[in-house]
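Q: Hi! Could you walk me through a few elements of this one?

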Amino acid sequence: MVLLQRPHILLLLIGTHQFLQCWIAFGSVNEEGQKQEEFSEELLLKPLPDHKLLAHFHFQSSAPPSISNGCHHHLFPKAISQLVQKFRVKEMELSFTQGRWNYESWGGFDPISSSNAKPPGVELWAVFDVPQHHIDASWKNLTHTLSGLFCASINFLESTATYSTPEWSFPPASGNVRYGTLPCEAVCTENLTPWLKLLPCRDKAGIALLLDRPSLYRGFYHSQRLHLTSTESSSEGIDSGIILEQTLTVVLQPNSGRAIEVHASEKHIQPSWSLSSIFGKQVSGRCVLAKSSSVYLLLDRGLVAELKFPSKENGKSAANGLTSENFWSNPSFELSVNPDRIFLEESSSHSKSLSILYMFQVEKYSESEPFDIGLMWKVPVAWLCQQTPLHASRFLMGSGNERGAIAISLKSTQFTEGFMSANSKDGSCELRVDVFQVVPWYVKVYFHSLRVFVDQQPRAVSDIIEKIHASPSKDKMSPGVMEVVLKLPCRVNTAALTIEFDKGFLRIDEYPPDANQGFDIPSAIISFPNFHASMVFLKDDSLNKSPLLSKFQEKCPVMSYTEVLLVPLTTPDFSMPYNVITITCTVFALYFGSLLNVLQRRVAEEERFLKAKAAKKTGQLPLLLSKLSAKLRGRRREPLHSPPSSSSFINSKLVLKVILVAGLAVGWQYFFS
Amino acid sequence: MEKVKKKIGSFSFWNWVIASIIFRLILIYFPKNLNLSSRPEVSTPLTSFRRLAEGYWLKQSSMSPYAGSMYHGSPLLLSLLGPLTINRIEGQPNHLLYSLVSVIADVVSAMLIRATGQNLRLAYLRSLESLDLVKQIEVSEFLFSGDIAALIYLCNPFTIVACMGLSTSPIENMAVILCLYGACSRLIPLAAFGWVIATHLSLYPAILIIPVIFLLGCGPDSPPRKLFLQRHQQKEVLNQLKLPPRFSWGPIIHFAFWAFLWSVYVLVLCGISLKQFGGLWEMFKSTYGFILTVEDLSPNIGVLWYFFAEELLFDSFPCQYFIYDIAISHSASTPALLLGFCIRCHMFHAQVLSISKFSLYLFGCSTFTVGDSALYLGLLGWFVNELAGKYAILSLPVLWICRVEGVSAMLNHDRKLRNLITGKPQDAKS
């Protein structure tokens, strides 16, 4: 270990630009301690209560510290390792999502939903290991690189008005985080293909073979995620290299062929499915480069409780016996393939029943004997997935294009009730909720208008909000960020947070192509730091090798994303500029004209003159009449009195001008109405 | 004008004042129903009380009040009015306290207008006396222009709307009126204080320096010296004592000294209140910088809004140079025209100055509210005596209407202009 660490200290001293030489120089030092690059592929299938199926692909590649083998890689994608080295990324997550995770029926309190349910569009966050003033530059470069890598417009996250710096409410909290989302980004195969290119077998072998594009994009929810952690050049000393975790979470509707023939009475029965029926393909053996390749079937805690396994009471002891048949041949369902192992969840803090995991080794299967797991339901089963402590939803209030309000409402779920009854003996129990909300600059939030309602009663903000961090938006510079820690009483039924905003105005060139569609406000992140979604299956040596299951064991706080909001902003008539130029010029001509007129006129003299004229008793009307008749006759009227005619001539000119302007104005008005 | 006189004559001044205050107090209880504070005509980003509350909130949570682009006002207003945004009486509308403050500000302004009007009237009478014209006009026929101006200020809907609309313009107007009051009653420190505060609050009243200099230099209302000389040449008796004073530089230097003193005082206060938050530079950037560059594109009444909106619309178009040209020539011409007006108007009436300056400063102002027009209308009241039949003065309100009512009111403007043109001979006859 000492040997291993010494190069690192040296490396830190030498600095970044001399990396390459260092690798070459020290490459031979820890030859024997060298770790191999590893790749593993896993697939988790989970039936969902609303007749759907969750498929969660998990591919993990890891590269040992780069000093051990320079910049050469066997399995690990070179593009990613270069990216990590160049921008000194400590941790990064990029997700492309289409559809919305249904927290109510698909659950929100398990590791899959709290780390894989993502907001629609693109979400990117990254932690950098560079000095504070270089972070923004690194972020910009990173967005451009990723945009090129994944054929997406991630480069829009480059401008300071789109990304934010969460202080503490975002889970990987540290000062160097940058977070940005593009809610309206469309996700399609062009993003999936480069993602698959990072896998050593691409989609040509192994579990990735199942990734049939039409059936994937037919699903209800589709989220591809890329998470990488690097301990490269970190000062902590423990160096595990880069771990790249690629997950693809899909929610599909298994359309069993006999669904049409089902009787009305059997309507509630869960659809039976098999890999070939949902993906249209089968797994014909593992990817030869993968260290482990397995498929899991997870039965939810709620489902297990419903199924009433005969040996539920002594579940722990039964799980040890791998051959205990009563776990996979249940009266209510049947598996088409015998599982290789069965795991029973060790303990669950928030639920009485424990979930069951069936494991299938793909290695055993081959081209001739493909792996095609199927689940056939015999009796109708209804259950509920474990939900987040509070169900969060967000909506807009107010009307018109001027102002509005954002409301985040939290509703207690059946889970909370159970939890609260368990904890209420403490007397004063509190439920901590973190809210992280980013609003684009054109939605100008008034932080002083923050109101909190608990059980529909307005409460003082200071009673409920324990901590708040607000960074107000700067026009065209930075988005508004609000981080709030709520301390709610345990017995809360509903809680709501409202905040008012004004809508801003954009320049004509800042409008997106379809401006009338509206502008998206990215999802808010609601996290419950006191609750950890983790599934601990039996601690076994063989289990530690499975990255997916060790991922499940990690304690990650329960997190949920709210809906994306669509705010209609005032959009100009994009053909207006011409009219505006015309009308403004007219008005200004009028203004300057009359002003000059006023300036050069001698009022006193005119008055005196008019008095004199009045004395001469030449009425205005006959004068005008005679002028009109003279004009009609097409002859210039003889200038009887030269000065008055000039003044009245000005008048008639003015009237003409005014009529012209009036005509223009009428036209303009008509044009706009 | 005759009608106004009769109306004023039949009611007493104080009854009207009390009536207008009661009217305001009634309206205060329905701010939600009126929803005036959301109107861009009433509260612009510069004067909005809501933004002030946001600035105060930011300051209370130890952030710079100018963080984000919400608040663009003075830090002094934050310390003075900020607490009113939080304190509220149980069971009463939210911003009752601030509404009460703006009612008080309105009443104080009206009183100042009244006092100034009385000053002007006295000065006018004195100058008539010195010209031996008093006998020709009966003093009783002479309107109490101060009372009328104060009532116009208090009772006109613009002021009421500005007062109800939770904007800071009643306070800004009070500062402007304080400056004029000081200048007319020759209280130079007061005038300087008003000028510095008004300029600090909304920058544009800086143009007031021109009329204030004239007022201080020549006295509140002095007939042209030329007139005296002519007159006395006719009589061939030259009474040096009766001759109005020449333009004197003494009070102006005095004024400059006091203005300097007050501005240093204001800046020091601002500096103290913004010590942790970026200091004075931050304030200059986000108040005056904001006023001059108009970063906020929220719509505002008046023609200029179209300018600014289009200037921003055309940001990437070559046309922008054209539009910049107009905008620059416009803003550059405003002071020049103002000066021209001053010289021109000084020849026949010194008072016209204040009006001309106002209308022009309204023209030049980029964000323009009902409060500004209320002020203008109120000050117009000082000159009821002179307004009768003065085309030159009346044309300014017409232009002003053109600006206020915006392009959509073009037709209205035409009608008014036409009325004016057709009405002119009648004026001449009367």
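Predicted model: local features only at pLDDT ≥ 70, side-chain atom pairs only at ≥ 80, totals over all residues.

Q: Which residues of H13(B) are buried?
A: Those are Phe255(B), Trp258(B), Ala259(B), Trp262(B) and Cys270(B).

Q: And what covers them?
A: The cover includes four helices of chain B: H5 (75-86), H10 (188-202), H11 (209-218) and H14 (279-286).

Q: Switching to chain A, which residues of H7(A) are buried?
A: Ile135(A), Ser138(A), Trp139(A), Leu142(A), Thr143(A), Leu146(A), Leu149(A) and Phe150(A). Looking down the helix axis, these buried residues fall within an arc of 135°, so they line one face of H7(A).

Q: Nice! What sits over those residues?
A: In chain A, helices H4 (78-87) and H8 (189-197) are included in the cover, along with strands E3 (89-98), E4 (121-128), E5 (163-164) and E6 (177-182).

Q: What does the backbone do just after H7(A)?
A: Cys151(A) comes there, with a positive phi of about 50°.

Q: On to strands: why is E14(A) described as largely enclosed?
A: Strand E14 of chain A runs over residues 356-361, and five of its six residues are buried, so the rest of the structure largely encloses it.

Q: How many bridges join E10(A) to E14(A), and do they run parallel or antiparallel?
A: Six bridges join strand E10 (residues 292-299) to E14(A), and the two run antiparallel. Opposite Ile356(A) of E14(A) stands Leu299(A).

Notes. Residues numbered from 1 in each chain as written. Chains lettered and ligands numbered in written order. Buried ≥ 20, exposed ≤ 12 C-beta atoms within 10 Å, placed from the backbone. Contact = placed C-beta atoms within 7 Å. Arc of directions from axis to C-beta. Pairing = 2+ DSSP bridges.
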